[in-house]
Structure formats: structure tokens, C-alpha cells
Amino acid sequence: MSSAFISDAPLYAAVRAYADAHPLRLHTPGHAGHTDALGGVLGALPALDVTELPGTDSLFEADGPIRAAEEKAAGAFGAAHTLFSAGGATLCIQAMLRLVSRGKERRVVLARGAHRSAIHALALLDLEPVWVWPEPLPGSALPGVVSPRAVERALDICGGAAAVYVTSPDYYGTLADIAGLAAVCREHGVPLLVDGAHGTHLHYLDGGARHPLAQGAALVCDSAHKTLPVLTGGAYLQIAGGWFSRGEAKDAMALFGSSSPSYPILLSLDLARAWGEQHGAPAFAALRVRVDALYGRLAPLGLPPPPGPRDPVRITLDVGRIGLSGAEAAMWLRAQGVSIEMHDDRHIVLLPSPLHGDADFAALGDALVSFPVKDAVPAAAAPALEHPSAVMTPGSALRAPCERLPVEQAAGRVAAEGCSPCPPGIPLVCPGERVSASLAKTLKTYGVNHLHVIK
Ligand SMILES: Cc1ncc(COP(=O)(O)O)c(C=O)c1O
């Protein structure tokens with residue numbers, strides 16, 4: 001693969017030029033650019049780990065190479081503005097919710113599958129969630145997605161909301177109907193916010209048509225480090241035209257972000273965008289062919305791709321269908337030298353990269369087809385979950401004095417924290433919600449032994 005894309009990354013060029021001049025570094029970070037710091041373990045990174053210097057710009061007041069890098073990213077991703085985050089998708093989610101928190105409307109309609117970073121941001125910003133629960137996918141135990149109809153009903157019932165917030169794709173790769181949700185939001189005049197943490201690479205598949213930005217979302221967080229060659233903590237906040245200005249979004253990020261963002265992370269975002277423009281589409285098309293071929297190899301075992309619209313390059317296998325638990329399958333694979341992203345009681349989730357080649361896929365396929373298949377078990381349905389009622393907002397609950405109790409003793413009390421075991425992969429309880437006796441039992445079934453409740 002050609003590395004010509006490296007010359008197209010303005011922030012990388014600025015920092016590289018600074019490092020190549022070998023200045024005596026009398027500024028943070030404390031390794032002073034020494035590649036032999038920490039026994040040389042960090043290798044080449046310290047040379048490029050700099051701070052806000054003349055020529056290297058400043059993330060939240062960007063007007064130099066960071067701004068140039070972000071503008072190139074916006075052009076590449078089809079956004080009005082793209083902002084870099086060295087604080088993961090979490091910082092982007094905080095910024096998205098901050099942006100919609102300035103009006104008088106405090107309610108946000110959210111799909112229940114929200115990541116805990118969204119629940120914490122709601123609490124910090126004193127926003128009130130109106131939850132919409134997902135509809136199960138037929139023939140699958142996966143959590144499912146919210147429908148545009150259900151979101152429309154929630155908007156009509158609550159009579160006004162600051163935004164609608166959904167996650168797509170979810171951890172298992174299931175895609176929500178973002179175009180349908182965007183149409184509902186347009187009719188109600190509210191912005192659609194998408195936690196697309198797991199879907200940055202959708203920019204490179206099908207001409208980017210499946211990315212939430214192309215489907216009408218106002219704001220999208222792309223946790224680039226999950227599926228692109230980006231250092232951990234690197235994410236893009238994508239802003240569609242007509243909703244929020246670049247300046248407002250920078251201020252929203254600065255509210256929660258560190259004033260010392262990691263330059264190596266920012267450089268990797270710059271380089272990944274440059275790489276993606278030249279190599280992203282063919283690399284992910286090739287990955288999709290490999291993933292399809294792998295599913296083809298697994299079909300005779302009774303391990304089909306999951307149902308419903310899905311991320312074509314995520315590998316989610318319902319190993320419960322061949323009589324294995326997720327933990328058993330993960331352990332089996334580990335013994336074959338394959339380390340996976342996640343398992344729940346009956347699924348395993350694998351995140352292949354475009355950097356994996358044919359030999360990697362051959363080895364992965366060999367490991368998967370060697371599963372010790374037990375009796376075939378029909379697909380299970382997603383569990384029916386209790387919808388706890390809210391007694392107070394997440395913010396009030398997080399500010400209240402609390403105590404930690406064995407979950408059996410939490411019955412009748414108000415949760416002071418959220419709890420999202422996998423399965424079921426969505427929050428069973430959120431801060432401020434009442435824990436019924438039956439919910440306390442369900443939490444125990446899902447392996448939750450203790451819970452913080454309000455005193
Ligand atoms: C759906 C979802 N949203 C947001 C996040 C937070 O992403 P980050 O770790 O980049 O802050 C995660 C992390 O796993 C996630 O799974």
C-alpha cells in the first residue's frame with residue numbers, strides 16, 4: 001500500500017517538522033521527546049508527543065494546522081465541520097449533549113441503548129431523558145433498535161424535546177433506521193444526535209451512504225480509534241450543516257476536554273483521514289469480501305450473520321446456536337491464539353481491521369470452524385425487560401447522598417448509578433429510577449451483586 005497519503009496531513013507535517021529540527025525541549029510532556037524514555041518501550045512516539053507551541057496550534061482555539069487538519073477531515077467526511085477529540089467518543093458525546101442543552105427544553109428523547117457516557121453527560125448537564133426502548137430483532141437475542149414510529153410517539157407525548165439521541169451501529173453491529181429517524185426529527189424540528197462510536201468506517205463502505213451523517217443526522221460521534229488505525233482516544237465529532245457553528249462546538253468540547261490534549265492521538269486522526277481518502281474505500285471493500293467469505297465458511301456450522309440491517313464488516317456470532325456460551329467460545333479462541341473484542345452469554349463480537357490480510361482471515365476461519373460444536377440450539381429471543389420508572393433526573397440522583405447495598409436490598413430504593421450488563425447490552429436501570437423487587441432479581445440474574453442507591 002502506498003504511503004503517499006502521509007504528505008497530505010497538515011498537523012502531522014507541522015509536528016514532524018518540529019521534531020525533525022531536534023530542538024531542546026523544555027516544555028511538557030515530561031519525556032522531552034526522548035525516544036528511549038521508559039526503557040524505549042514507547043519507541044518513536046515521544047518525538048511527536050508535543051504541546052501547544054508556535055506552529056502546532058491549540059485544539060480548542062484551532063487556527064493553524066489543527067484547523068487545517070479538521071477542515072480536510074470535514075471535506076473528506078462530507079461534514080460542515082469535523083472536530084478532533086483526544087478524549088474518545090465520550091468527549092464528543094458530552095459536546096453533542098452540551099450543544100443541545102442551552103435552550104429552555106431540558107428533555108432529550110433517547111434510545112435506551114445509550115452508552116454510560118451519554119447517561120453521565122445528561123447528569124452533568126441536568127438534562128432529563130425520555131427513554132424509547134428498542135424493538136427486538138425477530139429470530140435473535142440481540143437488543144434490537146428503536147423504530148422511527150416509536151421515537152415519533154415519544155416526541156408527540158412529551159410535547160417538545162431538545163434532541164433525539166440514538167446509538168447506531170450498536171456494539172453488535174446492528175444499524176438503526178437513521179434516515180427514518182432523521183425524517184421524524186425534521187418534522188419535529190429537533191436535531192438527531194447519533195452515537196456512531198462503532199461506525200466511523202461506514203464512511204468508506206457503499207460510498208459512505210450508510211454513515212449517519214449521509215442519512216440526515218445533525219451530529220455524529222465517530223470513535224475513530226475503534227475501527228480505523230487511530231490511537232486509543234481518537235474520535236471525530238461530525239457536524240452537519242445548518243445546526244451548530246464550529247465555534248459553538250469547540251466551546252462545547254472545551255467545557256469537558258483536557259486542556260492538554262494528546263498530540264499523538266490528534267496526529268493519528270489527521271493521518272487516518274489522509275489514509276482513508278486514498279485507501280479507505282478499497283481497504284474496507286476488501287475487508288467486506290473477506291468477512292462475507294468467512295460467514296460463508298461458517299454457514300455449514302449453523303453460524304449465520306445476525307439478522308437485520310448490520311455493519312457489513314463486524315463479525316457477531318450467536319454461538320448459543322451451537323450450544324456454546326460466549327465465554328466458552330472466547331476461551332476456545334484464545335487457546336487458538338485469537339483474542340476477541342467482547343462476549344456475552346451467547347454471542348461473540350470480533351472487530352476485524354482492514355490491516356488484517358488473507359493469512360489472518362485463514363487462521364481466524366480455521367479457529368472458528370474448529371469450535372467444539374455441541375447440540376444445535378434454536379435462536380433465542382431477546383429477553384423482555386422491565387421499564388423502570390424515573391423518580392428524579394440522573395443529575396439529581398448523582399448529586400444525592402448514596403450507599404452501596406447488596407442488590408437484593410436495593411428493592412424499593414432509587415438507583416444512584418446506572419447499570420448496563422452485557423447481556424442484555426442496554427441499561428437495566430439508570431440513575432434516578434426506582435428499583436422494583438422484580439428488577440432487583442433481574443439485576444442479580446445478570447450478575448449485578450451490588451448497587452449504589454440514594455440514602
Ligand atoms: C456505543 C458506545 N458509545 C460510546 C463509547 C465511548 O467511546 P470512547 O471509548 O471512544 O470514549 C463506547 C465505548 O465503548 C461505546 O461502545
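This is a predicted model: local features need pLDDT of at least 70, side-chain atom pairs count only at pLDDT 80 or more; totals for chains, interfaces and linings use all residues.
Biologist: Fine. Which helices and strands each supply at least two residues of the largest pocket's lining?
Modeller: Helix 4 (88–99), helix 5 (116–125), strand 4 (163–167) and helix 8 (224–227).

Biologist: How much space lies in that largest pocket?
Modeller: About 870 Å³. Its lining has 40 residues. Nearest the centre are Gly113, Ala114, His115, Arg116 and Tyr171.

Biologist: What is the lining of the largest pocket like by class?
Modeller: It has 20 nonpolar, 14 polar and six charged residues.

Biologist: And where does the largest pocket lie?
Modeller: Between domain 1 (4–277) and domain 3 (394–454), because both give residues to its lining.

Biologist: Next one. What volume does the second largest pocket have?
Modeller: About 370 Å³. It is lined by 16 residues, with Val338, Ser339, Leu351, His356 and Leu364 closest to its centre. Helix 12 (residues 358–369) gives the largest share of that lining, five residues.

Biologist: Switching to packing. How many residues are in the largest nonpolar core?
Modeller: It holds 114. Leu97, Tyr165, Ile348, Phe371, Leu443 and Leu451 have the most contacts inside it. Helix 10 (residues 263–298) supplies the largest share, 15 residues.

Biologist: What does Leu451 touch?
Modeller: Leaving out residues up to four places away in sequence, its contacts include Leu405, Val407, Cys419 and Leu443. Glu403, Arg404 and Glu417 are also among them.

Biologist: Which residues does the second core include?
Modeller: Val130, Ala154, Ile178 and Val220 are in that separate core of 29 residues.

Technical notes:
Residues are numbered from 1 along each chain as its sequence is written. Side-chain values use heavy atoms; hydrogens and water are left out. On a 1 Å grid over the protein atoms alone, a cavity is a set of points where a 1.4 Å probe fits but cannot get out, and a pocket is an open set with protein on both sides within 12 Å along at least five of seven lines; lining residues have an atom within 4 Å of a point. Grid points are joined across faces, edges and corners, and a volume is the space filled by probe spheres set on the points. Helices (H or I, at least four residues) and strands (E, at least two) are DSSP runs, numbered from the N terminus. Ala, Val, Leu, Ile, Met, Phe, Trp, Tyr, Cys and Pro count as nonpolar, Asp, Glu, Lys and Arg as charged, and the others, Gly among them, as polar. Domain bounds come from an automatic or database domain assignment. A nonpolar core is a set of buried Ala, Val, Leu, Ile, Met, Phe, Trp, Tyr and Cys residues joined through side-chain atoms within 4.5 Å. Buried means under 20% relative accessible area, exposed over 50%, partly exposed in between (1.4 Å probe, protein chains only). Contact means heavy atoms within 4.5 Å.
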